[in-house]
Amino acid sequence: MILMSPVVRPATESDIEQIAPLFVDSVDTSLPDAKFSADPNYALDKIEPSLSKRLSPPRSHKTYVLELHTGEIVAYGNVKPDGGPNGDADELDMFFVKVGLGGRGYGSQLMEAIQSDWAQRGLWVTVFEKNERARRFYEKRGFRLVESAGASLSLGLREPREEKTCMMRWERTSKSFYTVEGSKGTCHR
């Protein structure tokens with residue numbers, strides 16, 4: 001029996017049917033005290049059109065999916081053009097692995113493909129301060145904390161709520177912590 005490796009490929013419009021539920025299930029794991037899937041704003045009929053716009057040009061440079069030989073999408077990520085601390089840099093906007101499939105190397109395989117494509121320019125990523133698992137994942141792949149600076153992100157829930165975030169930077173030669181405008185990295189475990 002020949003086992004086929006998962007394949008990283010560019011996302012297509014038809015992938016949104018698999019990406020949307022993967023997103024909703026996964027985002028529930030991004031904050032320990034938030035249940036996005038219970039909020040009407042995160043119902044699939046609202047999320048699908050929103051994600052479709054967010055993951056397509058011009059709001060996204062490129063969206064990647066990791067697909068098993070069965071056709072099942074088990075991870076996805078996208079790079080947007082208007083990220084970073086000044087809103088003018090390439091940023092890993094979304095990066096999710098299907099719930100229950102962590103630890104199998106899917107996230108690493110997808111990240112390797114994305115970093116290969118963006119090696120010349122590097123990438124930023126914004127992570128919830130409370131999401132230690134995600135911060136550790138990015139740190140293992142060369143992202144370094146740049147700033148916390150109390151930045152908050154609105155969660156888009158029916159009950160208004162904001163969460164503090166951290167910014168991390170990856171460059172092919174990332175070896176040390178970076179600072180932006182004298183800011184020290186302050187988002188720690």
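Predicted model: local features only at pLDDT ≥ 70, side-chain atom pairs only at ≥ 80, totals over all residues.
Where in the model does Pro-58 lie? Pro-58 is placed in the loop between α2 and β2.

**Pro-58**
- Pro-58 counts as exposed because its relative accessibility is 73%, and the cut-off for that class is over 50%.
- Between Pro-58 and Asp-82 the C-alpha to C-alpha distance is 9.9 Å, although the two are 24 residues apart in sequence.

**Second largest pocket**
- The second largest pocket holds about 190 Å³ of space.
- Its lining comprises 14 residues, of which Ala-11, Thr-12, Glu-13, Leu-55 and Ser-56 are the closest to the centre.
- At least two lining residues come from each of α1 (16–27), α2 (44–54) and β2 (62–67).
- By residue class, the lining of this pocket consists of six nonpolar, six polar and two charged residues.

**Nonpolar cores**
- The largest nonpolar core contains 24 residues, and Leu-92, Phe-95, Ile-114, Tyr-138 and Phe-143 have the most contacts inside it.
- Two or more residues of this core are contributed by each of β2, β3 (73–83), β4 (89–97), α3 (106–117), β5 (123–128), α4 (132–140) and β8 (162–170).
- Helix α3 provides the largest share of this core, with four residues.
- Beyond its neighbours within four places in sequence, Phe-95 is in contact with Tyr-76, Gly-77, Gly-107, Leu-110, Met-111, Ile-114, Phe-137 and Tyr-138.
- Another core, of 22 residues, lies apart from the largest one and includes Ile-16, Phe-23, Leu-31 and Tyr-76.

How values were computed. Residues numbered from 1 in each chain as written. Heavy atoms only, no water. 1 Å grid on protein atoms, 1.4 Å probe; cavity = no way out; pocket = protein on both sides within 12 Å on 5 of 7 lines; lining within 4 Å. Points joined across faces, edges and corners; volume = space filled by probe spheres on them. Nonpolar A, V, L, I, M, F, W, Y, C, P; charged D, E, K, R; others polar. Buried < 20%, exposed > 50% of the residue type's maximum accessible area, 1.4 Å probe, protein only. Core = buried A, V, L, I, M, F, W, Y, C linked by side-chain atoms within 4.5 Å. Contact = heavy atoms within 4.5 Å.
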